[in-house]
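Happy to go through this one with you.

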Amino acid sequence: MRSDALTVASALVAQAREGDLKALESVYLAYQNAVYNLGRRICGNEEDAEDVLQDTFLEVCRSIGKFRGEGSLWGWIRQVAVSKALMLLRRERNRKIHFFGETGGLPEFVGNMPREPAGPIDLETALGRLPPVTRAVLWLHDVEGYTHEEIGQLMGKTASFSKSQLSRAHRRLREWLE
Amino acid sequence: MRVGTNHLEMDELLALRDGEGGASARAHVEACEGCQQELERLYQVRAQLRALSGFAPPRGLWPRVARHVRRRRRLRRRLGYGAVGLAAAAALAGVYVVNDATRGPPAEPLEAWVIEAESQDLGPMISRSRELESLLQTYRPASQVYDAPTALAVSVLEDRILLLDRLLSDSRQLGVKRELLRDLWGERVETLETLVNLELAEPETVWR
């Protein structure tokens, strides 16, 4: 969900920056949909999206004093939300490494897909079938407008990694949506 | 994967879609109907992705966040963060003390469960906890600016203390056994020690 149109009155932002809980609640109400949807699209499930929403606003409440008003408030909150969502993906990946080992049990994060669908599927279903990292790159680039350099940086990888994941995503979507 | 023999690769098409493709790729698309269709399809997929309907967030999450924020503020007061975050403006400290006192649980929820734990012979660990808290209160500068990794570490440690305090304060209702209670207090002491070391023993990692 894009939230460029969302704005919060500057007076309210000023109050929130001083720690006013009522003002922070207003900020939460204004951006909860956008943050939840971002989390849901990147992580792919309700539970993690809820964690992203909660962790993001805990961080917003803790750090909004540092928001200097350069750029939009949504831009700043979105940055926090993306970090939290990617952190969850990493945590899940590490958990799988812990249980299955470095080489086993991880293909769904970047590589092989679950069994191929019998026929064409809709975009929503196709998105859900993409490996988490591939889906995250697709969403961040094509919907949220992040550049490959920014995505590479966020993921601790290179811009080339982001580009190759985006190509992979579109190749899979092409196969599945036809 | 090639889109087709002699056609552009997917990454070349995506670069064109994003306005980054080279002149030769652009020239190829102008002359190639297959690649034109493929490029158009990529535009459409992006538009469809942006048009996907949204999900409704769970209700009632804000009170949970607000509760955590209040708890954190109490902890920070107790650990001597002073009024930095709370009272960026002079009046704020008063506002929040009043708000916390009227809306939330008592400002010092520590006491009841501390007394309970003391009666269970956990005195040495509780004394150590108090000693460490007192160290932080006494020596932590009133105004502290951290570099990003230190800020993250402080934040994680504080969250752990909050979680432990929550568990300890609910220990009776949860029917926590004595051994576990001892472990929890032990963990609290260790976490506070790490926090003290981080903040007081390694000034070079902290900007003041």
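Q: Why are α7(A) and α3(B) called roughly perpendicular to each other?

A: The axes of helix α7 (residues 132–143) of chain A and helix α3 (residues 33–51) of chain B cross at roughly 95° and come within 10 Å. Angles of 65 to 115 degrees count as roughly perpendicular, so α7(A) and α3(B) are given that name. This is a predicted model, in which local features need pLDDT of at least 70 and side-chain atom pairs count only at pLDDT 80 or more. Residues are numbered from 1 along each chain, and chains are lettered from A.

Q: Which residues make α7(A) meet α3(B)?

A: From α7(A) come A:Leu138, A:Trp139, A:Asp142 and A:Val143, and from α3(B) come B:Arg46, B:Leu49 and B:Arg50, where contact means heavy atoms within 4.5 Å. They divide into 4 nonpolar, no polar and 3 charged.

Q: What makes a set of residues a nonpolar core, and how many residues has the largest one here?

A: Its members are buried Ala, Val, Leu, Ile, Met, Phe, Trp, Tyr and Cys residues joined through side-chain atoms within 4.5 Å, with buried meaning under 20% relative accessible area (1.4 Å probe, protein chains only). The largest has 72 residues, and A:Tyr31, A:Val35, A:Phe57 and A:Leu73 have the most contacts inside it. Helix α2 (residues 21–43) of chain A gives the largest share, 12 residues.

Q: Which residues is A:Phe57 in contact with, leaving aside its neighbours within four places in sequence?

A: Among them are A:Tyr31, A:Val35 and, from chain B, B:Val65.

Notes: Side-chain values use heavy atoms; hydrogens and water are left out. Axes are lines fitted to C-alpha atoms, for helices over the stretch in contact, and angles run from 0 to 180 degrees between N-to-C directions. Helices (H or I, at least four residues) and strands (E, at least two) are DSSP runs, numbered from the N terminus. Angles under 35 degrees count as roughly parallel, over 145 as roughly antiparallel, 65 to 115 as roughly perpendicular and the rest as oblique. Ala, Val, Leu, Ile, Met, Phe, Trp, Tyr, Cys and Pro count as nonpolar, Asp, Glu, Lys and Arg as charged, and the others, Gly among them, as polar. Buried means under 20% relative accessible area, exposed over 50%, partly exposed in between (1.4 Å probe, protein chains only).
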